[in-house]
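Here's a quick briefing to read alongside the model.

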Amino acid sequence: MFAHASFIGFEGSAIYGEEARNPRRTVPRATYIAVIFMGVFYAITAWLIVNALGVGNAVGVAKKESGDLVFAVSDSVMGGGYLTETIRVLIITSMFAAIVTFHNNVARYLFSLGRQGALPAALGRCHLRKNSPYVACMVQTVMVGIVVAIFVIAGFDPYRSLFTWMTGIGAMGIILLQFVASVAIFVFFRRNNFDKRVWNTVVAPLLGIAGLLPFLYFALTGVDVLLGTSGWLAVLLVGLVFLSLLGGAVWGLVARWCAPRLYERLLTGVGDQ
C-alpha cells in the first residue's frame, strides 16, 4: 500500500491538459515519464538502502527503526550530523510540495466540475488578473481546514489518526478510482471505434485491471493494518469510500436521465473544447 501510495499523483498531468499546446501527445508522454522516473528512482533508492544495511540485516533494521530508517542509514553511512539534518529538512519540504500538489489537483477537479455544471458554477470562476481557479482553491482550503479542526477538537493524535486514517482511505479511494477507470476505458472502446490502437484500448486497461485488483483486495482485507484501527470505525472509514462511489454513480444516472445536456458536457475530453 505504501508503494502504491508513493506513485499517487502521476495521473495529475491530465488535468493540466488545457495548458498544453498538444495535450493528446504531451499528456501521455508526461504521464509515462513520471511513472518510469518514479519507478527507477524508488528502485535505486531501495537498492542503496538495502546494500548500506546489508541484505541480511535490512529487514531487522527496518522493523526496529520504522519511520526513522532513512535517518538511521544516513547516520551509519555519512556519520549523521548536519547531513542527516539536511535530509530531514528535504523530506519536510518535499512533503510540503506534495501537499501543495494535491491541493492544486483537487482544486482543479473542483474547477472543472464547476465549469461543466456538475458542481456550483462559482467553482468554475478564474481570477480576473491571474487566471487561476481561486474559488476552487479557497473551497478546497476551507474543506481541509474543517477536517483538521474536527480532529483537533476531538483530541485525536495528528499522526496516528489524522494522517494515518486520511492517507489510508485516500490510497484506497485512489486504487478504487483507478480500477474503475481501467474497466471504464476497456468497456468504452469496446462500444465505439474512436480509437483502434490495441495498446491504448485493450492491453493497457487490462493490465491496469489485473494489477490494481490485487491491490484493492489487500487494501480491503488488511484495512486494520492500513488504517491502524478496526471495528466499527474501520467499517465507517471504508464505507465513506464506497458511499462516494455510489453517490457519484447515482448522480451520473440522474444527470443522464434528467439533464442530458449536462451529461453530454461531462463527456467532453481533454483538448476537445
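The largest nonpolar core of this predicted model holds 19 residues, and those with the most contacts inside it are Trp-165, Met-172, Leu-227 and Leu-237. A nonpolar core here is a set of buried Ala, Val, Leu, Ile, Met, Phe, Trp, Tyr and Cys residues joined through side-chain atoms within 4.5 Å. Buried means under 20% relative accessible area (1.4 Å probe, protein chains only).

**Cores**
- Helices α7, α8 (198-221), α9 (223-227) and α10 each put at least two residues into this core; helices are DSSP runs (H or I, at least four residues), numbered from the N terminus.
- The largest share, 7 residues, comes from α7.
- A second, separate core of 6 residues includes Ala-107, Phe-111, Leu-123 and Val-135.

**The α7/α10 pair**
- Helix α7 (residues 158-190) packs with helix α10 (residues 232-258) at about 35 degrees, axes 10 Å apart; axes are lines fitted to C-alpha atoms over the stretch in contact, and angles run from 0 to 180 degrees between N-to-C directions.
- By class, their contact has 10 nonpolar, 1 polar and no charged residues.

**Ser-161**
- Ser-161 sits in helix α7 and is buried, at 8% relative accessible area.
- Leaving out residues up to four places away in sequence, Ser-161 touches Phe-151, Phe-156 and Met-166 (contact: heavy atoms within 4.5 Å).

**Reading the model**
- Residues are numbered from 1 along each chain as its sequence is written.
- In this predicted model, local features need pLDDT of at least 70, side-chain atom pairs count only at pLDDT 80 or more, totals for chains, interfaces and linings use all residues, and side-chain values use heavy atoms, without hydrogens and water.
- Mean pLDDT (the predictor's confidence in each residue, from 0 to 100) is 87 for the protein chain, with 97% of its residues at 70 or more.

Conventions:
Ala, Val, Leu, Ile, Met, Phe, Trp, Tyr, Cys and Pro count as nonpolar, Asp, Glu, Lys and Arg as charged, and the others, Gly among them, as polar. Buried means under 20% relative accessible area, exposed over 50%, partly exposed in between (1.4 Å probe, protein chains only).
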